[in-house]
Amino acid sequence: MFDRWLAHRTAALGSSVIEHIFELAAQLEDRVDLSIGQPHFEVPAPIQEAAVRAIRSGRNRYSPSQGIEPLREWLREKIRSTYLGDDRDVMITCGTSGALVLAVLALVNPGDQVILFDPWFVVYEALVKLVGAEPVYVDTYPNFRIDPEKVERAITARTKLIIVNTPNNPTGVAATHDELKALALLALDRGIALLSDEIYRAYCYDAPFVSPGHFNPFTIVADGFSKTYAAPGWRLGFIHGPKPIIDQMVKIQQYTFVCPPHPLQWAMLQAQDADVTPHIADYRRKRDVLVEGLADYYRLVRPTGAFYAFPEVPWADGKTFTEFALRQFRLLLVPGGVFSRRDTHFRIAYAVDDNTLVRGIEILRQLAKNPPSL
């Protein structure tokens, strides 16, 4: 009976493997958790204190759907200095995922095609299918680089949107200046919307951050506060782009999320003065420890951003390898098939304390040296 009640779009979605791993992690004792992508440091104290003040001072009612004006104006000033587009506007959203939902709902019709780079962040494919559109995959293996010629060959008369994420989840690879410029100009030339997910923009280790929005004034940019300021549970993001598009997203937010968490918007104004560069430097060091620790055991494209690595499995496939690691060593990883049409890799999230990272590296070495008889 319930099958008759459910909308067909629900069949397009599977249960989140990452959410399942998150639940497992909460249940296991003495686990080594390299699975969940969230900073392990605390929200800076001035931002925490501002949240308490906002709650106690009565900032607990609805805010405008587009977010409070002081926070939007601060973001506008930052955006004007680095992004093209004279009519660019910004709205606050319920997390960066909320921003992505609004963007896809505002831009994509059933039957449209949306280009995704493989591997991709899990939400992208799900959202495209949820609105009745068709994902079109552009392969980036083995080096996880964007090839504009591959993108051009993937474009059809039905192509509506390209989604790019840099630095990338799950690979940790940041696209280069030349790659993003070519992609941005291709989208501009072909009249295709370009959505750039820049939630890891603060975590660039080997070169300055580059956005396609530096070259294409119509780029829609999803961003947020959760990764930079260690506040993923606050569900506070933002999105900016051409004002006519942002205006439509605000309308959709009015009828869905209503507004972002009001007191936390006032708290995040304190991010203007928060210095997280020591944490970024610490994650660069962790990246180096991980890369050096796995160098003789795994094929691994050196991550240049975010806090992920995406090694190739040394035996079997990603699902088999990660299940064995969990069963035998209580090591939590995410199989590559969650993010890709292939299941040849696995994701490591190294946003953890040093003890957990060192234990994880040692277990991964054992797994590479001593493959089981399957």
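Q: Why does Arg299 count as exposed?
A: Its relative accessibility is 64%, and exposed means over 50%, buried under 20% and partly exposed in between, with a 1.4 Å probe and protein chains only. Arg299 therefore counts as exposed. This is a predicted model, in which local features need pLDDT of at least 70, side-chain atom pairs count only at pLDDT 80 or more, and totals for chains, interfaces and linings use all residues. Residues are numbered from 1 along each chain as its sequence is written, and side-chain values use heavy atoms, with hydrogens and water left out.

Q: What makes the pair Arg299 and Glu312 a salt bridge?
A: The N to O distance is 3.9 Å. A salt bridge needs a side-chain nitrogen of Lys or Arg within 4 Å of a carboxyl oxygen of Asp or Glu, so the pair qualifies. Arg299 lies in the loop between α11 and β9 (308-309) and Glu312 in the loop between β9 and α12 (318-329), so parts 13 residues apart in sequence are tied together. Helices (H or I, at least four residues) and strands (E, at least two) are DSSP runs, numbered from the N terminus.

Q: Why is Glu312 called partly exposed?
A: Because its relative accessible area is 27%, Glu312 falls in the middle class.

Q: How do you know that Lys286 and Asp354 form a salt bridge?
A: Their closest N and O atoms are 2.6 Å apart. The pair links distant parts of the chain, with Lys286 in helix α11 (residues 277-294) and Asp354 in helix α13 (residues 354-369), 68 residues apart. Lys286, at 1% relative accessible area, is therefore buried, whereas Asp354, at 33%, counts as partly exposed.

Q: What makes Arg72 and Asp89 a salt bridge, and are these residues buried or exposed?
A: The closest N and O atoms of Arg72 and Asp89 are 3.4 Å apart. Arg72 is in helix α4 (residues 69-82) and Asp89 in strand β2 (residues 88-93), 17 residues apart. Arg72 has a relative accessible area of 7% and is therefore buried; Asp89, at 9%, also counts as buried. Both belong to a network of salt bridges that also links Glu69, Glu73, Arg76 and Arg80.

Q: How many salt bridges does the rule give?
A: The count comes to 25.

Q: Why is His345 called buried?
A: Its relative accessible area is 8%, so His345 is buried. His345 is found in the loop between β11 (334-335) and β12 (346-349). Among the residues that His345 touches are Tyr141, Phe310 and Glu312, where contact means heavy atoms within 4.5 Å.

Key
Lists of a residue's contacts leave out its neighbours within four places in sequence.
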